[in-house]
Amino acid sequence: MTLLAIVEKHIDNLEKGAAVRQQSVFQEFFLRALAFREDHPLVEDAAVSEIEAATCNAMVQLAFRLPEASLRPFLFKTFNWAANEGGGAARLFPLYMLYAKMTEMMKSMFLIFTGSLTPHLVDILVKNVSF
């Protein structure tokens with residue numbers, strides 16, 4: 001069992017109030033885990049993808065435990081980390097993986113939180129896709 005699987009299980013057993021109180025610690029941990037691709041460019045893609053998938057799973061568990069008032073800042077901080085802090089594609093890949101996982105697990109509920117990010121996401125895609 002990986003550390004991220006243990007964290008996911010811990011989050012799954014948290015009460016909602018505890019999740020809110022620990023949100024900043026979890027977010028910092030998750031952003032460091034999502035930066036693995038950027039920090040370790042020589043690691044095989046399969047290992048990086050496994051770490052990112054486990055991180056996304058744990059982040060989705062946290063999202064389920066957070067009230068709307070806490071989830072929005074959580075998503076915006078994650079988006080800002082990936083899109084605006086100079087990480088480039090190494091940060092965008094895990095962001096899109098996270099959004100895909102959240103869309104899969106939260107269904108239409110996730111779209112409510114990301115609607116305002118759509119123009120920014122389109123802009124990022126246009127800037128980073130080479131034709």
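**Exercise 1. Salt bridges**

How many salt bridges does the count come to? Describe three of them, giving the distance, the location and the burial of the residues.

*Solution.* 

Step 1. The structure is a predicted model. The count comes to five salt bridges.

Step 2. One of them joins the side chains of Arg65 and Asp12, at 3.4 Å from N to O. Arg65 belongs to helix H4 (residues 45-65) and Asp12 to helix H1 (residues 3-12), so this pair ties together parts that are 53 residues apart in sequence. Asp12 has a relative accessible area of 38%.

Step 3. Another salt bridge is formed by the side chains of Arg37 and Glu52, with 2.8 Å from N to O. This pair also links distant parts of the chain: Arg37 is in helix H3 (residues 36-39) and Glu52 in helix H4, 15 residues apart. Both Arg37 and Glu52 are buried.

Step 4. Lys101 and Glu104 form a salt bridge in which the closest N and O atoms are 3.9 Å apart. The cut-off is 4 Å, so a distance of 3.9 Å meets the rule. Lys101 and Glu104 are three residues apart in helix H6 (residues 89-106), and are therefore separated by about one helical turn. Lys101 is partly exposed at 21% relative accessibility. Glu104 is partly exposed too, with a relative accessible area of 45%.

**Exercise 2. Aromatic rings**

How many aromatic pairs does a search of the whole structure find? Classify each pair and place its residues.

*Solution.* 

Step 1. The search finds two aromatic pairs.

Step 2. In one, Phe26 and Phe30 are 6.1 Å apart from centre to centre, with 15° between the planes. Planes under 30 degrees apart count as stacked, so the pair of Phe26 and Phe30 is stacked.

Step 3. Phe26 and Phe30 are both in helix H2 (residues 16-34), where they stand four residues apart, about one turn of the helix. Phe26 is buried, at a relative accessible area of 8%. Phe30 is buried as well, at 0% relative accessibility.

Step 4. In the other pair, the ring centres of Phe29 and Phe30 lie 5.8 Å apart and the planes stand at 55°, so this pair is tilted. Phe29 is partly exposed, at 29% relative accessibility.

Step 5. Phe30 takes part in the stacked pair and in the tilted pair. Phe26, Phe29 and Phe30 make up one aromatic cluster.

**Exercise 3. The nonpolar core**

How many residues does the largest nonpolar core have? Which elements give two or more residues to this core?

*Solution.* 

Step 1. The largest nonpolar core has 29 residues. The elements that give two or more residues to this core are H1, H2, H4, H5 and H6.

Step 2. The residues with the most contacts inside the core are Ile11, Phe26, Phe30, Leu62, Leu71, Phe74 and Met102.

Step 3. Take Phe30 from that list. Setting aside neighbours within four places in sequence, Phe30 contacts Val7, Ile11, Thr55, Ala58, Met59, Leu62 and Phe74.

Methods:
Residues are numbered from 1 along each chain as its sequence is written. This is a predicted model: local features need pLDDT of at least 70, side-chain atom pairs count only at pLDDT 80 or more; totals for chains, interfaces and linings use all residues. Side-chain values use heavy atoms; hydrogens and water are left out. Buried means under 20% relative accessible area, exposed over 50%, partly exposed in between (1.4 Å probe, protein chains only). Rings of Phe, Tyr and Trp (its six-membered ring) pair if their centres lie within 6.5 Å; planes under 30 degrees apart count as stacked, over 60 as edge-to-face and the rest as tilted. A nonpolar core is a set of buried Ala, Val, Leu, Ile, Met, Phe, Trp, Tyr and Cys residues joined through side-chain atoms within 4.5 Å. Contact means heavy atoms within 4.5 Å.
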